[in-house]
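Please read the following report alongside the sequence and the coordinates.

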Amino acid sequence: MTTPLVEAEGLVKRFGDLVAVAGIDVRVEAGEAFGFLGPNGAGKTSTMRMIACVSPPSAGRLRVLGMDPLRDGPRIRARLGVVHQEDTLDLELTVRENLLIFGRYFSLPRPVIRARADELLAFVQLTDRADDRVDALSGGMRRRLAIARALINEPELLLLDEPTTGLDPQARHLVWDRLHELKATGTTLVLTTHYMDEAEQLCDRLVIMDGGRIVAEGSPRDLIERHVGREVVDLRFTDDTERDAALTRIGTDGVRAEVLPRRLVAYTDDGDRLVAGLGTAGLHPAAMVVRRAGLEDVFLTLTGRSLEE
Amino acid sequence: MSRWFGPATVRVIEHQAAVQRRFWRGSVFGYVLNPVLFLAAMGFGVGGLVAEGSGKVDGVTYLAFVTPGLMAAAAMQTAAGESLWPVMAGMKWLRTYHAMITTPLGPADVFAGIVTWTGLRATAGGLVFVAVGAALGGVRSPWAPLAAGVAGLTAAAFAAPLAAFAATQETDARFPVIMRVGIVPLFLFSGTFFPVAQLPAVLRPARFASPLWYGVELARAATLGRWDPTLPVKAAVLVAVILAAGVWGRRTFTRRLVQ
Ligand SMILES: Nc1ncnc2c1ncn2[C@@H]1O[C@H](COP(=O)(O)OP(=O)(O)OP(=O)(O)O)[C@@H](O)[C@H]1O
Ligand SMILES: [Mg+2]
């Protein structure tokens with residue numbers, strides 16, 4: 001059996017009295033795309049920083065690429081790529097200079113860096129902006145440049161902290177597309193996100209974090225089927241009395257529902273049957289949507305809160 | 001902890017040089033123009049007044065006296081400019097240091113790199129100063145190029161503690177205070193423009209607390225070609241300041257970047 005690229009047991013990160021990561025167990029195998037999904041403050045960045053060997057764990061065991069981050073930090077980092085949540089590019093340098101300088105941090109020979117820089121600029125579709133200052137780039141272009149920069153040392157493991165947060169849908173799809181391409185060519189990806197569609201798109205396996213803990217783990221399909229069932233019926237009512245009546249009705253069918261103000265989110269394997277049942281009982285919600293269950297619903301079920309509040 | 005100086009330090013210097021290159025026209029202009037302006041104003045302007053009075057300062061023309069003083073003071077200014085706001089930018093505004101430490105580089109390498117870079121820049125500035133001073137007649141000794149090395153040492157003796165301090169700050173609110181209360185008085189009273197002997201007797205010992213004074217003394221010894229046995233001690237003081245601030249800076253950079 002090959003050694004996992006990331007192996008954490010009881011991993012803890014404290015900042016003074018605040019517990020940012022409260023003992024998590026994680027294993028990331030070579031070649032997979034692994035995600036940390038969670039709301040603001042869940043501890044995603046704190047976890048990523050520990051894996052990137054720039055933040056010593058407060059407790060627990062952590063191995064990255066089979067080595068100890070405390071002892072072998074520089075050797076591990078030589079084989080990682082990191083894309084930060086916030087921009088860390090050199091704004092006053094050009095796009096290409098950002099890559100050339102970064103390659104030197106890994107002590108790569110200049111001709112090698114130049115060749116890779118050209119390839120990477122093509123890969124992230126920034127070739128025509130190579131000689132522009134980063135200042136002049138859009139948010140999506142900067143994020144793509146950050147990804148290109150993180151690849152300059154041909155890392156075995158690429159860490160991406162919220163790779164598409166703040167980007168418009170088109171820019172997000174461009175980034176996703178590039179990450180799919182990397183996945184296909186065998187780069188191991190570890191990413192954080194608070195978008196469930198991103199997690200569903202990109203991750204083979206993910207953990208849902210909340211308050212520094214892992215509340216669920218599995219593949220997106222797995223998690224959805226295990227925790228919510230195939231379909232979701234989202235019902236809106238004009239008042240809570242109607243809502244409660246509907247809750248009682250569907251409860252007799254053994255269907256579980258999340259109760260929100262003037263709203264019910266019901267989890268079932270057959271949405272149409274549930275809707276028909278309500279009609280027979282003379283209950284008519286103000287609005288009604290039947291959709292496929294997603295990770296959002298998993299999060300709601302597990303924590304009673306919506307992921308994006 | 002990583003080494004104090006090594007290939008990793010050089011990588012950080014390469015980054016600093018790349019950023020600087022974007023501005024090189026501006027800075028080369030400043031490198032040459034500043035010495036010319038300062039030496040002309042001080043050497044010929046003030047020097048003219050001195051010539052009408054006693055004629056000499058410390059046994060030489062005023063131009064010859066003030067050239068090494070200005071050179072060391074300029075090194076201090078370079079260091080202050082490179083080590084406060086740019087460090088805040090690397091830590092917080094642009095966060096470029098955070099990117100550096102995700103590579104094999106560590107916080108101590110970043111610190112050593114920026115201090116060394118500042119020293120190198122000030123050495124280059126010192127060479128220009130020596131050349132301009134020689135052209136204007138303020139530099140006569142063949143030992144004068146050594147003064148450029150002194151400028152580098154002086155700059156590092158300011159860059160190290162200032163960068164170490166900057167890494168402890170959340171905002172740049174205190175930086176102007178440091179400039180006004182620290183850098184400007186040192187600039188004026190470290191034997192730069194007039195001999196310390198001109199100060200009231202009670203103030204004179206204060207020079208020993210000014211790193212700039214040691215730099216000025218060493219630079220002046222070089223440009224005037226005057227050897228005296230206290231020079232190695234003065235050089236050792238600057239080195240000691242760099243080493244002490246080095247211990248501090250390696251710690252503050254690490255604490256700030258590796259949390
Ligand atoms: N350097 C630090 N010092 C003190 N507290 C910190 C530090 N970094 C993070 N925290 C705290 O730790 C908790 C987890 O933060 P973290 O940044 O890991 O969350 P996150 O899941 O990445 O959130 P987001 O989605 O907002 O990026 C938060 O309460 C945060 O305030
Ligand atoms: Mg975060």
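## Domains and conventions

Domain bounds come from an automatic or database domain assignment. On that basis chain A is divided into domain 1, residues 6-222, and domain 2, residues 229-293, and the centres of domain 1 of chain A and domain 2 of chain A, taken over C-alpha atoms, are separated by 40 Å.

This is a predicted model, in which local features need pLDDT of at least 70 and side-chain atom pairs count only at pLDDT 80 or more, whereas totals for chains, interfaces and linings use all residues. Residues are numbered from 1 along each chain as its sequence is written, chains are lettered from A and ligands numbered from 1 in the order in which they are written, and side-chain values use heavy atoms, with hydrogens and water left out.

## Interface of chain B and chain A

Where contact means heavy atoms within 4.5 Å, chain B contributes 23 residues and chain A contributes 30 residues. The two chains bury about 2400 Å² between them, 59% of it on carbon and sulfur atoms; buried area here is the accessible area (1.4 Å probe) that two parts lose on being put together, summed over both. In chain B, the residues that lose the most area to chain A are B:R22, B:T102 and B:P104, which together make up 25% of what that side buries.

A polar contact is a pair of N or O atoms within 3.5 Å; within protein, one must be able to donate a hydrogen and the other to accept it, and residues adjacent in sequence count only if both atoms are side-chain atoms. By this rule, 12 residue pairs are in polar contact across the interface of chain B and chain A, both residues being at pLDDT 80 or more. On the side of chain B that touches chain A, α1(B) gives the most, with six residues; helices are DSSP runs (H or I, at least four residues) and strands likewise (E, at least two), numbered from the N terminus.

## Ligand site

Ligand 1 lies between chains A and B and is surrounded by 15 residues, the closest being A:G41, A:K44, A:T45, A:S46 and B:Q259, where a residue is near a molecule or strand if one of its heavy atoms lies within 4 Å of it. An oxygen atom of ligand 1 lies 2.8 Å from a backbone N or O atom of A:G41, and a polar side-chain atom of A:T45 lies 2.7 Å from an oxygen atom of the ligand. From chain B, an N or O atom in the side chain of B:Q259 is 2.7 Å from a nitrogen atom of ligand 1.

## Salt bridges

A salt bridge is a side-chain nitrogen of Lys or Arg within 4 Å of a carboxyl oxygen of Asp or Glu. The structure holds 34 salt bridges over all chains, and the count between chain B and chain A is three. B:E14 pairs in this way with A:R104, with the closest N and O atoms 2.7 Å apart.

Within chain A, A:E32 forms a salt bridge with A:R205, the closest N and O atoms being 2.9 Å apart. A:E32 lies in the loop between β2 (18-28) and β3 (33-37) of chain A and A:R205 in strand β8 (residues 205-210) of chain A, so this pair ties together parts that are 173 residues apart in sequence.
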